[in-house]
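Open the model in your viewer and get ready to select. We will go stop by stop.

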Amino acid sequence: MPATTEPTGQPSGQPAAPTGTPPELPGRTVLDARDIARALTRISHEILERNKGHEGLVLLGIPTRGVGLAKRIAARIADVEGVAVPVGALDITLYRDDLRKHPARGPQPTDVPVGGIDGKTVVLVDDVLYSGRTVRAALDALADLGRPDAVRLAVLVDRGHRELPIRADHVGKNLPSARSERVMVRLSETDGHDVVQIADAPGGEPA
Amino acid sequence: MKKHLLSVDDLTTDDVHTLFTTAAEMHDVQRRQVKKLPALRGRTVINMFFEDSTRTRSSFEIAGKWLSADTINITGKGSSASKGESLRDTVLTVASMGVDALVVRHGASGACQQVAQWIDAVVINAGDGTHEHPTQALLDAYTLTRRLGTLEGKHVVIVGDLTHSRVFRSNVACLTMLGAEVTVVAPPTLMPSGVDAWSASAGFATTYDLDEVIDKADAVMMLRVQRERMSGGFFPTGREYTVGYGLTRDRLARLGPDVPICHPGPMNRGLEIAADAADAVQSAILEQVSAGVAIRMSVLYHLLAGEGAV
């Protein structure tokens, strides 16, 4: 059993880089650390504007990298509003529609903030929006946890190629890409540094 | 992970840790209002129980249902087995209906191994004779890991009817795999024959004297006296067994406040375990039951959800 297999978004064969040092990757950098910071700040303000304040907001990151992004957005909202909005994690492994295509992998923690999601405005946060299947699974997972008043979607990168009628409400960067290309998001929480890169990779990568 | 779960020996240490990690997530589902995950939608799991069971069968059934599998129960009594159909014919008949997994309990040791050779479906051993009961061992080790933090270097004392206990056989394998030191205690008549060679190779200790080891226990596991499997006089009276090997009120007083008490159930209160001990703050017996659902969800998920699973 591949207990150590990383979930979506982790291209194989990339060694973990030492903290703070951008590694040599075969890709082109599309967002550096400062671009990512600016994008997240803008997304945070957009979320607040759209919601007309922080009331009823719950941020749920989709593991692995969505969780770190959700926490960063929560920190920015706290800076602006002076209030800590609830932030958690929503694992979608058990709701995937391609479970049978891979060896079974263990689910990651789902952590719903105290107070739940009933009657709240849930903002799902993920790193890359691609086929839309992850978001579809997340909506199913949410329905089993409660009934939010509204669900919105914030992503750092939208690379297109949707396979389902799903769109993001808040996008850090629209990144036109070919299906054969690979979009790699690296965040300091999980990878030691912040960068978004795009590279040629025959076969592409599920996101 | 191997295709079937017939014995604890089918699992590596990594497999066990993976099963525990997944079980912890499954445990959270038990606290939800909507206890349903779609992971095994469209899969069919048949529980074939040729021996009586309450918690194993119902927890396998709940585990399957919470993962959205279709679960069906077949029991020895009330099935064609009671009309004289052989195990092989019953199994092949059921397999022909298109099942993905068979959860089998049978009175004969090795029955599940045999079943796995007859059919393509995943076979999970839910107790075969006096041989193995791997999901029980997993849930016991999982419960103790949650209570104690780790099993590494912990001293687990297993007491009771070892000769007839499949729980004991699977538990010794699982606990020692996870680094626990295991001492097994039984009266000479209920100590399995040939235990000396086995304990030497598997790395556990044996003794006839419970009082000698109970003070040094980090966890105590009491086993049921299985009268239905006993054909002769293994001890003079129940009272005498209790005095020598029961977890009595006096022995309970010697256990520390953080020493979990386990029992796989069903309990003979007053025989191997006093009511005070069964209901003590240290008792982990009901935690074992809820862990049983989580562990069985984890096992069903890992054996049935992924690529290549049947």
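Select domain 1 and domain 2 of chain B in this predicted model. Here 25 residues of domain 1 of chain B are in contact with 24 residues of domain 2 of chain B. Now colour the side of domain 1 that touches domain 2. Helix 1, strand 4 (122–128) and helix 12 of chain B each supply at least two residues of that side. Helix 12 of chain B gives the most, with seven residues. By class, that side of domain 1 divides into ten nonpolar, ten polar and five charged residues.

Check your selection bounds. Domain 1 of chain B covers 8–133 + 289–304, and domain 2 covers 134–288. Their centres, taken over C-alpha atoms, are separated by 25 Å.

Next, show both chains. Chain B puts 20 residues in contact with 17 residues of chain A. Which helix of chain B supplies the largest share of the side that touches chain A? Helix 1 of chain B does, with seven residues. Helix 12 (285–304) of chain B also supplies at least two residues. By class, this side of chain B has seven nonpolar, six polar and seven charged residues.

Last stop: select A:Pro148. Look in the loop between helix 3 (133–145) and strand 5 (150–158) of chain A. Is A:Pro148 buried or exposed? A:Pro148 counts as buried because it has 20 C-beta neighbours inside 10 Å. A:Pro148 and A:Lys120 are 28 residues apart in sequence, and 4.9 Å apart in space, C-alpha to C-alpha. Leaving aside neighbours within four places in sequence, the contacts of A:Pro148 include A:Ile117, A:Val122 and A:Leu142.

Conventions. Residues are numbered from 1 along each chain as its sequence is written. Chains are lettered from A and ligands numbered from 1 in the order in which they are written. This is a predicted model: local features need pLDDT of at least 70, side-chain atom pairs count only at pLDDT 80 or more; totals for chains, interfaces and linings use all residues. Two residues are in contact if their C-beta atoms, placed from the backbone, lie within 7 Å. Helices (H or I, at least four residues) and strands (E, at least two) are DSSP runs, numbered from the N terminus. Ala, Val, Leu, Ile, Met, Phe, Trp, Tyr, Cys and Pro count as nonpolar, Asp, Glu, Lys and Arg as charged, and the others, Gly among them, as polar. A residue is buried if 20 or more other C-beta atoms lie within 10 Å of its own, exposed if 12 or fewer, and partly exposed in between; C-beta atoms are placed from the backbone. Domain bounds come from an automatic or database domain assignment.
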